[in-house]
Amino acid sequence: MGYRNTVEFQVSGEYALFSDPVTRVGGEKCSYQIPTYEAIKGILQSIYWKPTLCWIIDELRVMKPIQTETKAIRPIAFNGGNELSYYTYLKDVCYQVRAHFVWNENRPELAGDRNEHKHHNIARRMIERGGRRDIFLGTRECQGYVEPCIFGSGSGYYDNAPGEVAFGFMYHGITYADEAILDEDRGRMTVRFWRPVMKQGVIAFLPPEACREKRHLHKMEMKIFSDKNFSGLQEFADSPDGEPCLPGSL
């Protein structure tokens, strides 16, 4: 299904680490075979973010073979000094992403900023520029690079793969109080899980509210934006040359 405010882009990098939370208990990390929903959403928020809207990840296309590389790392220990750990990264990754945004109905104070045409065009321009902030593939040491693309274009490694690949029980993401849609999730921090399947290289993501396997972690209050701490209408006002401006840039 297509949306009027759909964006499409390609993100790639030499390494990625979408770590399975279970592997963090002993201080060592092992990446999932595919990106999590939350990781791709974080990349989109690095490209363009406003509290007025929520990004919904629709599909992801795996362009290169899934391969891993294990490295010996010396992270800082909790009690000081360093310790030896082994991190298992994904190597030489490239993904095509299709996503769209919806208005954050939990923020009626920003209703005046709900201009679909404006936000869609700014997001597309930011994709062309490679994002507004640095792009990371799961963790800070894995730098990512974004460029526009047409979803489905080009040749992918798994295009002609028969059947489907199931990745089992997997972390999907976190629903924070300010983006909760279901009444049962409001005022809480909720962790979500799902069971992804890849068909000919394409993974169709469930939207957050469709994930039935979840757990409420704790109560959480939503931050309220007002004219005193956030200018939703003026922050991205267009400059004379038609490009979005940051506060203080004019």
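**Pockets, burial and a contact**

Mentor: The largest pocket has a volume of about 570 Å³, the volume being the space filled by probe spheres set on grid points joined across faces, edges and corners. The model is predicted: local features need pLDDT of at least 70, side-chain atom pairs count only at pLDDT 80 or more, and totals for chains, interfaces and linings use all residues. Residues are numbered from 1 along each chain as its sequence is written, and side-chain values use heavy atoms, leaving out hydrogens and water.

Trainee: Which residues lie nearest the centre of the largest pocket?

Mentor: E38, G42, Q45, Y171 and Y176 do, out of 29 lining residues. Helix 1 gives the most to this lining, with 5 residues. The lining divides into 13 nonpolar, 6 polar and 10 charged residues.

Trainee: Why is T139 called buried?

Mentor: Its relative accessible area is 15%. Buried means under 20% (over 50% is exposed, in between partly exposed; 1.4 Å probe, protein chains only), so T139 qualifies. T139 is found in the loop between strand 5 (135-136) and strand 6 (143-148).

Trainee: What makes the pair T139 and E141 a polar contact?

Mentor: Their side chains come to 2.9 Å. The limit is N or O atoms within 3.5 Å, one able to donate a hydrogen and the other to accept it.

Trainee: How do you know that helix 1 is mostly covered?

Mentor: In helix 1 (residues 37-47), 9 of the 11 residues are buried. Among them are Y37, A39, I43 and I47. I43 and I47 are also, with F9 and V11, the residues that touch the most other members of the largest nonpolar core, which has 50 residues.

Key
Helix = DSSP H or I, 4+ residues; strand = E, 2+ residues; numbered from the N terminus. Core = buried A, V, L, I, M, F, W, Y, C linked by side-chain atoms within 4.5 Å. 1 Å grid on protein atoms, 1.4 Å probe; cavity = no way out; pocket = protein on both sides within 12 Å on 5 of 7 lines; lining within 4 Å. Nonpolar A, V, L, I, M, F, W, Y, C, P; charged D, E, K, R; others polar.
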